[in-house]
Amino acid sequence: MNTQCFIVLALAFGVAVAQETFKCPDDFGFYPHHNSCDKYWKCDNGVAELKTCGNGLAFDNSDSKYLTENCDYLHNVDCGDRTQLEPPISTPHCERLYGIFADEAKCDVFWNCWNGEASRYQCSPGLAYDREARVCMWADQVPECRNEEVANGFSCANPGEVANIGSFSRHAHPEDCRKYYICLEGVAREYGCPIGTVFKIGDSDGTGNCEDPEDVPGCEDYYGDLDLKSIRKSELLAGLKSDGQSRPDQPKHLKPRPQKEQN
């Protein structure tokens, strides 16, 4: 009986060793593990060494010459039949030590994790982080966004409620001079004016444009002591386009948008 048990254990050990044995096809190179996406073999002078990528990374085996040692984010690597992964190691805001992860509370916030250290990022006004596409998209197109988070709960007027409005209209943000909403076919999306400008309400309902602060009553001091000329020059030199989607640091002291007097 003891002899049989020894034979079974020896066979099991032999299978385990065989699974982790790799014969180098060449003296030097980096080769994918046969069933683990985050493991790979490093061959040096014909000697194979099993390596493991950081938790949340996977070995990229796209180099047909096997000369590249590259661990990339899991979502960037086609693992194919290499389905096994090391158990996740989590830290605050990081499901694994490496990766890009959506915030659990705010749909426009996501975290870039590197070795367990989380860096916070926020999408531009009106956008939210899409967990599948892993980019910032319009908030109304992101399923995880609650209704009150889409355009901060702003609702477009029903057809006929506001005069002179077709399928497209612009509306001032109630608190921030620089922000405004666009209603397109009844869907509200939040925009931000280019740096150095604020939103000026038009003469007709549902209209308006981004103008210099001094031309918008109540928003003259929106940017405070910021040197707007230097900021605009740096954006120009960097080749940035002011298309209403940029989101530079907000002024420290925002001045609320003045409210229209009710007749």
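N45 lies in the loop that links strand 2 (39-44) to strand 3 (47-52), where strands (E, at least two residues) are DSSP runs numbered from the N terminus. The phi angle of N45 is near 55°, a positive value in a residue other than glycine. With a relative accessible area of 59%, N45 is exposed; here, exposed means over 50% relative accessible area, buried under 20%, and partly exposed in between, with a 1.4 Å probe and protein chains only. The model is predicted, so that local features need pLDDT of at least 70 and side-chain atom pairs count only at pLDDT 80 or more, while totals for chains, interfaces and linings use all residues. Residues are numbered from 1 along each chain as its sequence is written, and side-chain values use heavy atoms, with hydrogens and water left out.

A positive phi near 55° is also found at N115, again in a residue other than glycine. N115 is placed in the loop between strand 7 (109-114) and strand 8 (117-122). These two strands run antiparallel and are joined by six bridges, with pairing taken to require at least two DSSP bridges between two strands. Within this pair, C113 stands opposite A118 in strand 8.

Strand 12 (residues 179-184) pairs with strand 13 in the antiparallel sense over six bridges, and K179 stands opposite G192 in strand 13.

Strand 9 (residues 127-130) and strand 10 (residues 135-138) form a further antiparallel pair, over four bridges. D130 stands opposite V135 in strand 10. Four residues lie between the strands of this hairpin, in which R134 takes a positive phi near 60°.

D81 occupies the loop between strand 5 (71-73) and strand 6 (99-102). D81 is exposed, with a relative accessible area of 71%. Although 45 residues separate D81 from S36 in sequence, their C-alpha atoms are 8.5 Å apart in space.

The second largest pocket has a volume of about 230 Å³. A pocket is an open set of points on a 1 Å grid over the protein atoms alone, with protein on both sides within 12 Å along at least five of seven lines, and lining residues have an atom within 4 Å of a point. Grid points are joined across faces, edges and corners, and the volume is the space filled by probe spheres set on the points. Of the 15 residues that line this pocket, D108, Q122, E149, N152 and E190 are the closest to its centre. Domain 2 (99-146) and domain 3 (151-241 + 251-262) both contribute to the lining, so the pocket lies between them; the domain bounds come from an automatic or database domain assignment.

Conventions:
1 Å grid on protein atoms, 1.4 Å probe; cavity = no way out; pocket = protein on both sides within 12 Å on 5 of 7 lines; lining within 4 Å.
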